[in-house]
Amino acid sequence: MQRAIESKSERPLGQAVSRAIEDGLIGGRKELFITSKLFPTDAYPDGVLPAIRETLGALEMEYVDLYLIHFPARLKGEKRFVFNGDDVIPLDMKGTWEAMEECNRLGLAKAIGVSNFSCKKLEQLLVHAKILPAVNQVEMHPLWKQTQLREFCSEKGIHISAYSPLGGVGVIWGTPAVLANQEIKSIAESKGKSAAQVCLRWAFQNGVSFLPKSFNKERLKENSEIFDWELSGEDMKRLNLLPQKRVALAEAYVSPNGVFKSCDELWDGEL
Ligand code: A2P
């Protein structure tokens, strides 16, 4: 069956990796860590294996290093990016996770995990999990530190990966407020670094992995230059005192008559 749409990044990424290997830029697939996610329209027990196989087909790879449940909800209908809260149906947490575990057992995903899960939703998942989620990928930057979730995940042995570590400026859910924050800018100036570098170094010193996105060659380089200097205890303290606010509310999943009646319910009070 022809599917409605496919990821715009998987096929080009696979082609770029093949070329980089052919050209000797990298030694081989093993040098890379590739993550993909189960889209919410495929987030049901029988949807998982076909979805990861389609991803692997597009990537022209035999496995991904990490495969994540994209969101703690399922969406009705064909794969698409525009939807609303009435399209949301509850996630079969047990059955979907069992299928994720099967991906791991079959060697299609070296590790499995989740994304956008609150403490409460992780607790619901852990009741059924034979394989612990390796990662919870969530919004995290100095204006949304995820203190409670980080403590919970650390106790359970689940690694946190930060998406939108720069606040997701320029993306639909994002905000320029992080890179424009005066305190972050002032710390950056005092170090001769950029605000983006301060945010990434802050994430690094907090022991999480982080996923800064850029289509710009200079900014890609800038974002990688954060490992040979550090933020002092005082800098970290100043950053950790910034007022907190979740930016990526995912309101599209919310509807007065739907599965999640409010953002508060969706995020289980972690707002
Ligand atoms: P661009 O692709 O033009 O570099 P996040 O990683 O938090 O989701 O943020 C991604 C956004 O941040 C993209 O719009 C990206 O734009 C921008 N960005 C990435 N790196 C930097 C940087 N070092 N300084 C300023 N903006 C950046």
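How far does a backbone N or O atom of glycine 167 lie from an oxygen atom of the ligand? The distance is 3.4 Å. Before going on: this is a predicted model, where local features need pLDDT of at least 70, side-chain atom pairs count only at pLDDT 80 or more, and totals for chains, interfaces and linings use all residues. Residues are numbered from 1 along each chain as its sequence is written, and side-chain values use heavy atoms, with hydrogens and water left out.

Back to the ligand. A polar backbone atom of leucine 166 is 2.8 Å from a ligand oxygen atom, and for arginine 219 a polar side-chain atom lies 2.6 Å from an oxygen atom of the ligand. On its own the ligand has 570 Å² of accessible area, and the protein covers 82% of that (Shrake-Rupley method, 1.4 Å probe).

Now the shell. The ligand is surrounded by 17 residues, counted when one of their heavy atoms lies within 4 Å of it. The closest are Gly168, Val169, Ser214, Phe215 and Arg219. Helix 8, residues 217–224, gives the largest share, 3 residues; helices are DSSP runs of H or I with at least four residues, and strands are runs of E with at least two, numbered from the N terminus.

Last, two backbone angles. Asparagine 116 is not a glycine, yet has a positive phi of about 65°. This residue sits in the loop between strand 5 (109–115) and helix 4 (119–128). Aspartate 268, also not a glycine, has a positive phi of about 50° and is found in the segment after helix 10 (263–266).

Conventions. Polar contact = N/O pair within 3.5 Å; in protein donor to acceptor, adjacent residues only side chain to side chain.
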